[in-house]
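The exercises below are meant to be worked through with the sequence and the model side by side. Try each task before reading the solution that follows.

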Amino acid sequence: MAVHGSVTVVSALRSRYEQRTERVTRLRQVQSELVSLAGLIGRPVLDQSGGRLGRVVDVVVRWDDDRSYPPVTGVVVRVGRRRAWLPIEAVDEFRRDLIRLHTARVDLREFSQRHGEAELAREVVDHQLVDIDGARVVRASDLYLARLAGLVQLVGVDVGFGSILRRLGPARFRTRPTPEKVVDWASIASFGSQHRPGGTLQASATGLQRLRPGELADLLEDLGRTERRELLAALPPERAADALEEMQHEELVRLLREFQTADAARLLGRMEPDEAADGLRELGTDERATLMAAMPTAARERVATLLGYGGRTAGGVMTTLLMVAVPTETVARVRERLREHREHDEDLAGVVVVDDEGRLVDDLTMTELFLADPQTTVDELIGPPWPVTVTPDARPEQIGRRLVESRHWSVVVVDDEQRPVGRILPDDVLDVLLPDHARFHFPRRLR
Amino acid sequence: MTDLDEHAPAVPPRRRSLRRRMVLLLAFMGPGIIAANAGNDAGGIATYASAGALYGYRTLFAMVLVTVALVVVQEMCARLGAYTGQGLGALIREQFSIRVTAVALLALVVANVGLVVSEFAGIAAALELLHVSRYLSIPVAAIAIWALVVFGTYKYAERLFLILSLVFFAYPISAALSHPDLAQAGAQLIYPHFLLTQDFLLLVVALIGTTITPYMQFYVAAAVADRGIGPADYPKEKLDTVAGSIFCNVISIFIIIATAAAIKIRAPLESAKQAAQALTPVAGRFATQLFAIGLLGASALAAAIVPLSTAYAISEAAGAERSVSKSFRQAPLFLGLFTGQVFVGAAIALIPGNLITLLVRAQVLNGLITPILLTYVLVLANRRGLLGSAANGRAFRITATISVTAVGLLSAIVLAQFVLGIFGIG
């Protein structure tokens, strides 16, 4: 099993890597034709006969969901005191050090931004972007443009320190690209600008799909506030909730505070109750009450139960999502119900069997259910190994020890009457036991 | 267990350990208070004590003006953090050209390296009071702090340092017990008073440098953004920031008063032992030890925080990985900057000389650089494109501009005097 697993991982990584190497910025002929945006800014715009018209202020691209590389739609040119608009159709030569036009005569209109377009120098360079393949937040030090299939397109983003130094240096060295750390634009998600409210995240939906919840959580922690909102808004709600579950508690609290109460409550409602409770526990009493009042009733009740326990006890770390079966049910029926709860599969390590009084009889593992004949009834499966249980006030160290001793995948939390109230998975225990020296956020250091 | 409880899940009473309550208490203090209190570090104590020793109550009026400027500046930084949700490093990178950004970040690095030097000088001064040579204490402290941060066990040391530094809250009590000349102190507080000597101006610049530290501006913006404080919560945060700034300068003023009352001969401070006399009314013959403990805590705390915050701001602006849990290969810029500052700072602090003078000089350096970064803050807070309706209004803009200009003018005069001094003029 283990061998198979690692082989799959390796081949997945390899295909991801190969995908990257085929990307356009790796192509040799494209590299030789890369135009550095930072180098182009301030360069002359010449008419057909070589007469100087003005200088480049910015390059405008159109965000296009169907394309990996946004096409350039025009150039903003400073002519005298005006910011004039020059459509790309009028451009003959798009070089590193100058732009030459087809004609001697151009109709120069005042520049005004259109919907779905972005000014690269003002809105994208020096701003945050998400490198989806690398699952990290980057800041663009430079952008590279290239002519592909007759169109000038935005093909890559430079995230290297070398390009920052190049931009600091004298103007004549600035035009030469220094592509030592370039990310292909096809794997980049970029954000709408603050100047255009409602500007949306520019990323292929499939790209975002590739990210694991943990990676998304890291990205959310690194992004600025507006960018974070956009990324969350672009995710399907259940993926957003998954990502939130993976976040550091302090980060989750910050995020909940930033959101409108209704949005925050909706996200909380979709999260696993134990993770939602962890986040809520860090909030002030008033804030917590407001948020909980706005949550869906069922989710609120589950979370409220958990909040009743201390944060570092079994009750505080357990999940209340339990799949309960009675001895008379058939295995087929139980499996069917499991299928209905697919979205919680990470939290369902087993199915608890209870008697008429609601007391715990056994804890069936997924393997037991998988191997059993569908027509057998649950009571035939009851038997050793008997479930490992703890009480809600058990300390994480105790739970960890129980898990290790019994070699079980999970422990069931039962109340004084032996009724199951929740389940604890190894990650819940590890979460509390591992020292969290995660990212450094210096403002938090003094708390 | 009673019958009533039988059907309810057992809910254990929520226990709160002393440690937890302590953390809660500190958390209750908002970023504004914490940031402003960071001003009362080694350099701050040395500068305020020097002011008290050398000029008695005469710097108090200057402190009032500094307080006004501090309130204005901290409020702008907190507002930038709340409305944009970003730290100053990122804001400057996004809002200014790359060269202008580089100037700001370079200024921050220089100012903060100065601060790191003063923190290590503070550690050395504190341990010299406890009879440990600085040639031993500084290298050991530098390696210890570096290792604590890089290997991720700093959190616990930090709490200890923070608690140690609370010693300085003894100053107001000490000031009250030392029977200061209240009439004179009160008069100097209200009555506009400036001495136009070079030394006095230098000290005022040091007071500005240690109170309106560039480091604190970056801190408060980042702290506000980091807590998820948004426009809706801002009025409360504003109150916290303003109150925090005033509160901390009141403490500073008490340090000046306590020292002025304890030291009768108006001369520059010779040693930390002299400065420690100001705590005699509270601690009697243990004043030196008490002072040493407080100074050690405050210095050690800031000796890690200041280089970390510089590395954080620069990495934030550069868009590089910023995390202490990453390896050098993963976060070369962040960890490189941190390491460089700690060891360069410690090396400079090792240069033989008077530690108190070194401490005050580092604050002068900060005071000279402060107006540069204040200009950035002012420009950002004026920008309607960035803050919308929360941008500085007219009256505020005038007040803020006057504050920044005054600080800048003072720095320019001191700098001019210094340059002229090199050429033997003035």
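**Exercise 1. Find where Pro385(A) is placed, and state the form of the peptide bond from Pro384(A) to Pro385(A).**

Step 1: Pro385(A) sits in the loop between helix H19 (378-381) and strand E19 (389-390) of chain A.
Step 2: Going from Pro384(A) to Pro385(A), the peptide bond is cis, with omega near 0°.

**Exercise 2. Describe how H20(A) and H21(A) pack.**

Step 1: Helix H20 (residues 396-406) and helix H21 (residues 426-433) of chain A have axes 10 Å apart and pack at an angle of about 140°; axes are lines fitted to C-alpha atoms, for helices over the stretch in contact, and angles run from 0 to 180 degrees between N-to-C directions.
Step 2: H20(A) and H21(A) are therefore oblique to each other, given that angles under 35 degrees count as roughly parallel, over 145 as roughly antiparallel, 65 to 115 as roughly perpendicular and the rest as oblique.
Step 3: On the H20(A) side, Pro396(A), Ile399(A), Gly400(A) and Leu403(A) meet Pro426(A), Val429(A), Val432(A) and Leu433(A) of H21(A), two residues being in contact if their C-beta atoms, placed from the backbone, lie within 7 Å.
Step 4: This contact of H20(A) with H21(A) divides into seven nonpolar, one polar and no charged residues, where Ala, Val, Leu, Ile, Met, Phe, Trp, Tyr, Cys and Pro count as nonpolar, Asp, Glu, Lys and Arg as charged, and the others, Gly among them, as polar.

**Exercise 3. Work out how H4(B) lies against H10(B) and against H13(B).**

Step 1: The axes of helix H4 (residues 60-84) and helix H10 (residues 182-190) of chain B come within 6 Å and cross at roughly 45°, and H4(B) and H10(B) are therefore oblique to each other.
Step 2: Leu60(B), Phe61(B) and Val64(B) in H4(B) meet Ala185(B), Gln188(B) and Leu189(B) in H10(B), a contact with five nonpolar, one polar and no charged residues.
Step 3: With helix H13 (residues 234-262) of chain B, the axis of H4(B) comes within 9 Å and crosses at roughly 155°, so H4(B) and H13(B) are roughly antiparallel to each other.
Step 4: By class, the contact of H4(B) with H13(B) has twelve nonpolar, six polar and four charged residues.

**Exercise 4. Judge which stretches of chain A and chain B call for caution.**

Step 1: Chain A has a mean pLDDT (the predictor's confidence in each residue, from 0 to 100) of 80, and 86% of its residues reach 70 or more.
Step 2: In chain A, pLDDT is below 50 over residues 194-199 and also over residues 437-447.
Step 3: Chain B averages a pLDDT of 83, with 88% of the residues scoring at least 70, yet pLDDT stays under 50 over residues 1-28 of chain B.
Step 4: Where pLDDT is low, the predicted coordinates should not be read in detail.
Step 5: For the model, the scores are ipTM 0.74 and pTM 0.78.

Technical notes: Residues numbered from 1 in each chain as written. Chains lettered and ligands numbered in written order. Predicted model: local features only at pLDDT ≥ 70, side-chain atom pairs only at ≥ 80, totals over all residues. Helix = DSSP H or I, 4+ residues; strand = E, 2+ residues; numbered from the N terminus.
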